[in-house]
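Visitor: I have a model to look over with you. Can you walk me through it?

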Amino acid sequence: MSTQILVRIAYLVLCAAATSLGVARAQDDVAHIKSESRRIEGDQQRRYFLVGPKADETPPAKGYGLIVVLPGGDGGAEFHPFVKRLFDQAVPAGYLLAQPVSPRWTPRQQITWPTKKSRVPGMQFTTEEFIAQVMADVEREQQLDPQRVYVLGWSSGGSAAYAATLGSPRVRGAFAAMSIFKPEILPPLTAAQGRAFYIYHSDNDRVVPVRFADAAARQLSQAGADVKVTKYAGGHGWQGDIFSDVRTGIEWLEEHTPASER
């Protein structure tokens, strides 16, 4: 059985973890978080949520940072309450979050976030293209800081986070959690030069073995990226003090954007 299929099976595990974090409960605790459901050019397949800015926040002089969030599991809208909690509790001031909703091209689609080198039948655009369109849509209303554009993806969203970061000159880095890493379905790793990757994985992961994280760290570092690996206990899924861990990762990405390009 392929790793991609195992990641899809892990959706049930992720749902259970998300429920424990309150994704399934009422959204009263994040009702104050500004969030808007959008469809690019009215296309249902190009739906995303824009989260932020925070209440009474003055726009940063260089523009807002943007974090594009690619959820795991089926990449669906049901992860939105959790994404709002990330924004509320883990994201530093001065950011917006954009959460694309995974397009469904076939009833039995095996790849949640199809990319240029990891395609599914009937797809009309890649995840990389979707992210670029989301960024352009956000920029119609908000100025973005080009040095603080990141992708955060976990589980089935992690491989696409690598692909989007390596494939787009505008994405400065990625927070990749509990993810596979297969160079054969990614852009050339030479594109890692000048990028930052924060890799978050459990040594106890039985769905996506930690060897993927170790391989990513080794190969991306060899290609010239700045890489940090953080290990956590508990196996596949979000475990422990996740909001503090995510904030640490975002702050690390900010600090490790190459100084010459800031």
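Guide: One term before the pairing: two strands pair if DSSP finds at least two bridges between them. Helices (H or I, at least four residues) and strands (E, at least two) are DSSP runs, numbered from the N terminus. With that, F49 stands opposite Q99 in β4.

Visitor: What kind of model is this, and which ground rules apply?
Guide: This is a predicted model, where local features need pLDDT of at least 70, side-chain atom pairs count only at pLDDT 80 or more, and totals for chains, interfaces and linings use all residues. Residues are numbered from 1 along each chain as its sequence is written, and side-chain values use heavy atoms, with hydrogens and water left out.

Visitor: OK, back to β4. Which way does β2 run against β4, parallel or antiparallel?
Guide: Antiparallel, with four bridges joining β2 to β4.

Visitor: And β3 against β4, parallel or antiparallel?
Guide: Parallel, and four bridges join this pair. V68 stands opposite A98 in β4.

Visitor: How many residues of β4 are buried?
Guide: Six of the six, so β4 is largely enclosed by the rest of the structure. Buried means under 20% relative accessible area, exposed over 50%, partly exposed in between (1.4 Å probe, protein chains only).

Visitor: Which residues sit on each side of β4?
Guide: Y95, L97 and Q99 are on one side, and L96, A98 and P100 are on the other. Both faces are covered. In a regular strand the side chains alternate between the two faces of the sheet.

Visitor: What unit do β3, α3 and β4 make?
Guide: A right-handed β-α-β unit. Right-handed here means that, with the strands pointing away from the viewer, the path from the first strand over the helix to the second runs clockwise.

Visitor: Is α3 mostly covered or mostly open, and which residues are buried?
Guide: Mostly covered: eight of the ten residues in α3 (80-89) are buried. They are H80, P81, F82, V83, K84, R85, L86 and F87.

Visitor: What do they pack against?
Guide: Strands β1 (35-39), β2 (47-51), β3 (64-70), β4 (95-100) and β5 (144-154), plus helix α7 (242-255). Contact means heavy atoms within 4.5 Å.

Visitor: Which residues other than glycine have a positive phi?
Guide: E41 is one, with phi near 55°. D56 is another, at about 60°. Most residues other than glycine have a negative phi, and most peptide bonds are trans.

Visitor: Where are they, and are they buried or exposed?
Guide: E41 is in the loop between β1 and β2, and it counts as exposed because its relative accessibility is 71%. D56 is in the loop between β2 and β3, and it counts as exposed because its relative accessibility is 82%.

Visitor: What about E57?
Guide: E57 is found in the loop between β2 and β3. E57 is buried yet has no salt bridge. A salt bridge is a side-chain nitrogen of Lys or Arg within 4 Å of a carboxyl oxygen of Asp or Glu. The nearest side chain of opposite charge, K54, is 6.1 Å away. For charge, Lys and Arg count as positive and Asp and Glu as negative; His and the chain ends are not counted.

Visitor: And what is E57 in contact with?
Guide: Y64, A93, G94 and Y95, leaving aside neighbours within four places in sequence.

Visitor: Last one: how many helices and strands are there?
Guide: Seven helices and eight strands in the protein chain. Buried residues make up 59% of its 262 residues.
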